[in-house]
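Below is a short walk through one predicted model. The text takes up a pocket and then a set of strands.

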Amino acid sequence: MRSTFCLLSLLFSIICFAQKEFQPQGSEIIETADGDLDGDKIPEKVIVYNTKDTTDMGNIREIQILKKANGKWTVLEKSRNAVLESKHGGMMGDPYQGITIKKGILEITQAGGSSWKWGYTDKYRFQNGHFELIGHSLSYGRPGDYWADMDYNLSTGQLIYSKEVEGKDNPDNGKSEKETVIKKDWKVNLQNRNSKDRTFIFPKTKAEFHL
């Protein structure tokens, strides 16, 4: 029993050391997650930090993916572009919703708004030496008016848009509609996510998609 407790204490100390070794000065840990992200059956550690650095949109967030090799932790990749700042959620406050690791895919979910709400999940896969965005699912709208969904598979290029109008008596809500296109020219990764506005206008419905 004592040996098991000692082993767990040692593992906890190693994990804490790995976090503190690469932790930005003055930052706080928001969340951590563990899972195999590069296919070697050894779990990586993902850490999201709330840094002391700020912009007009609040505190900058940093995400780090740590990899353990030969008994030593190293930074596999990190970014200050993939997680939105602390005030980016508008009236709803902090947009950060959480991270998960599912079948080797890193998912980051964020949301915000006021009466009009939005939320999206980014899916990253480790390929070509870094974490590339392979999927993006977005929902936005307001109860009683309409809800719209965008689903973008960057691997196949399929981009699906659908809009369901609830407030049919309001002409400003438009009409319910759907459209699917193929768009393969956007290359997004953990480093350049949110670094610039990428806009696409669907040819038939004229709906705007921002990534």
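A pocket, as the word is used here, is an open set of grid points with protein on both sides within 12 Å along at least five of seven lines, and its lining residues have an atom within 4 Å of a point. In this predicted model, the largest pocket is lined by 16 residues. W118, Y120, L138, H210 and L211 lie nearest its centre. Sorted by class, the lining has eight nonpolar residues, four polar and four charged. The volume of the largest pocket is about 360 Å³.

Strand β3 covers residues 58–69, and nine of its 12 residues are buried, so the strand is largely enclosed by the rest of the structure. Buried here means under 20% relative accessible area.

Which strands pair with β3? One is strand β2 (residues 44–55), which pairs with β3 in the antiparallel sense over eight bridges. In this pairing N50 stands opposite R61 in β3. A hairpin through two residues joins β2 to β3.

Strand β4 (residues 72–79) also runs antiparallel to β3, and seven bridges join them. Here K67 stands opposite T74 in β4. β3 and β4 form a hairpin as well, with two residues between them. In that turn, N70 has a positive phi of about 55 degrees.

Note on methods: Residues are numbered from 1 along each chain as its sequence is written. This is a predicted model: local features need pLDDT of at least 70, side-chain atom pairs count only at pLDDT 80 or more; totals for chains, interfaces and linings use all residues. Side-chain values use heavy atoms; hydrogens and water are left out. On a 1 Å grid over the protein atoms alone, a cavity is a set of points where a 1.4 Å probe fits but cannot get out, and a pocket is an open set with protein on both sides within 12 Å along at least five of seven lines; lining residues have an atom within 4 Å of a point. Grid points are joined across faces, edges and corners, and a volume is the space filled by probe spheres set on the points. Ala, Val, Leu, Ile, Met, Phe, Trp, Tyr, Cys and Pro count as nonpolar, Asp, Glu, Lys and Arg as charged, and the others, Gly among them, as polar. Buried means under 20% relative accessible area, exposed over 50%, partly exposed in between (1.4 Å probe, protein chains only). Helices (H or I, at least four residues) and strands (E, at least two) are DSSP runs, numbered from the N terminus. Two strands pair if DSSP finds at least two bridges between them.
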